Each structure stands twice: as C-alpha cells, then as structure tokens.
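Dear colleague,

Please find below the structure that I am handing over to you. My notes on it follow directly after.

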Amino acid sequence: MSDFPVTVFHNPACGTSRNVLEMVRAAGHEPEVVEYLKAGWTADQLRALFAEAGLTPRDAMREKGSPAAELGLLEAGVSDDAILAAMVEHPILVNRPLVKTPRGAALCRPSEKVLDLLDGPAAAR
C-alpha cells in the first residue's frame, strides 16, 4: 500500500477512464483499480464518494449509453435516493472515472482533473 493511495473507479471500455489511469501511473502512482461494472456499488459507498467529490447523484449520473432515460431518471423531481437505488442496480449509471486520493475525490472529466488529486512533481504540470 502506497503512502499516497489512489483509487480509480474504472471502466476499461471508456477512453477517458483509460487516460486517467495512464496519467495516475505517469505521476508515479500504482492505483487500486476498481472495475465498478464488475464490482458494483453500495448506496453507502456512492453517498460517501459523492459527498467527498461535492456531487449529487444527479451530477454523477451517466445519461448517454445508460438506461437513465428508459428508467425515467432524467425527469425533473426524481429524488437522489431513487437515482442512488438505480445506480446500485445498474452500475453503468455512474459516470466515470471517479478517483479518490488523500487530496479528495472527483469525477475526472476531463481527464486532467485527476492532476488536482495527485501529489508529486508530475501533478504540478
């Protein structure tokens, strides 16, 4: 375990997610990679991650390439709890990549947002 742990919630099919993983490694870190489509989410895990990143479930919801529209989640008035429950049931609803380090958590879109979460000289670029 590194003294500066980095966790990347990753979808290997996503170019932005792959870029973020490459940037983390280029900065000298070997991240814990969580393929969330396989691992899934818990509501508590998502609540904590979103709170640390300053996101609401709606902010973190993936609209394109997900069942968000067909589940009615894009409608006004859908509660955060309903969105969270859908994210637990359908992990693809969570936008990616989410990254967590001792400096905080963020949805790293665009990829360069990850640099704010890293330490060391490569992160200062």
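Is Gly28 buried or exposed? Please bear in mind that the model is a predicted one. Gly28 counts as exposed, because its relative accessibility is 63%, and the cut-off for exposed residues is over 50%. Its place is the loop that runs between helix H1 (15-26) and strand E2 (32-35). In sequence, Gly28 and Leu118 are 90 residues apart, while their C-alpha atoms are 9.5 Å apart in space.

I turn next to a pair of helices. Two packed helices are described by the angle between their axes and the distance between the axes. For helix H3 (residues 43-53) and helix H4 (residues 80-89), the axes come within 9 Å and the crossing angle is roughly 120°. H3 and H4 are therefore oblique to each other. The crossing in which H3 passes H4 is right-handed. By class, the residues in the contact of H3 with H4 are six nonpolar, two charged and no polar ones. On the H3 side, the contact is made by Ala43, Leu46, Arg47 and Phe50, which meet Asp81, Leu84, Met87 and Val88 in H4.

Which residues of H4 are buried? They are Ile83, Leu84, Ala86 and Met87. These residues lie on the same side of H4, because they cover an arc of only 165° around the axis. Asp81 and Glu89, on the other side of H4, are exposed. It is H3 against which the buried residues of H4 pack.

Asn11 counts as buried because its relative accessibility is 6%, and buried means under 20%. Leaving aside neighbours within four places in sequence, the residues in contact with Asn11 are Ser17, Tyr36, Leu37, Ile92 and Arg96.

The other position is Pro67, which is found in the loop between H3 and H4. With a relative accessibility of 14%, Pro67 counts as buried. If residues up to four places away in sequence are not counted, Pro67 touches His90, Ile92 and Leu93. How far apart are the C-alpha atoms of Pro67 and Pro31? They are separated by 29 Å, and the two residues are 36 residues apart along the chain.

With kind regards

How values were computed:
Residues numbered from 1 in each chain as written. Predicted model: local features only at pLDDT ≥ 70, side-chain atom pairs only at ≥ 80, totals over all residues. Heavy atoms only, no water. Helix = DSSP H or I, 4+ residues; strand = E, 2+ residues; numbered from the N terminus. Buried < 20%, exposed > 50% of the residue type's maximum accessible area, 1.4 Å probe, protein only. Axes fitted to C-alpha atoms, helices over the stretch in contact; angles between N-to-C directions. Parallel < 35°, antiparallel > 145°, perpendicular 65-115°, else oblique. Left-handed = near helix turned anticlockwise from the far one by under 90°. Contact = heavy atoms within 4.5 Å. Nonpolar A, V, L, I, M, F, W, Y, C, P; charged D, E, K, R; others polar. Arc of directions from axis to C-beta.
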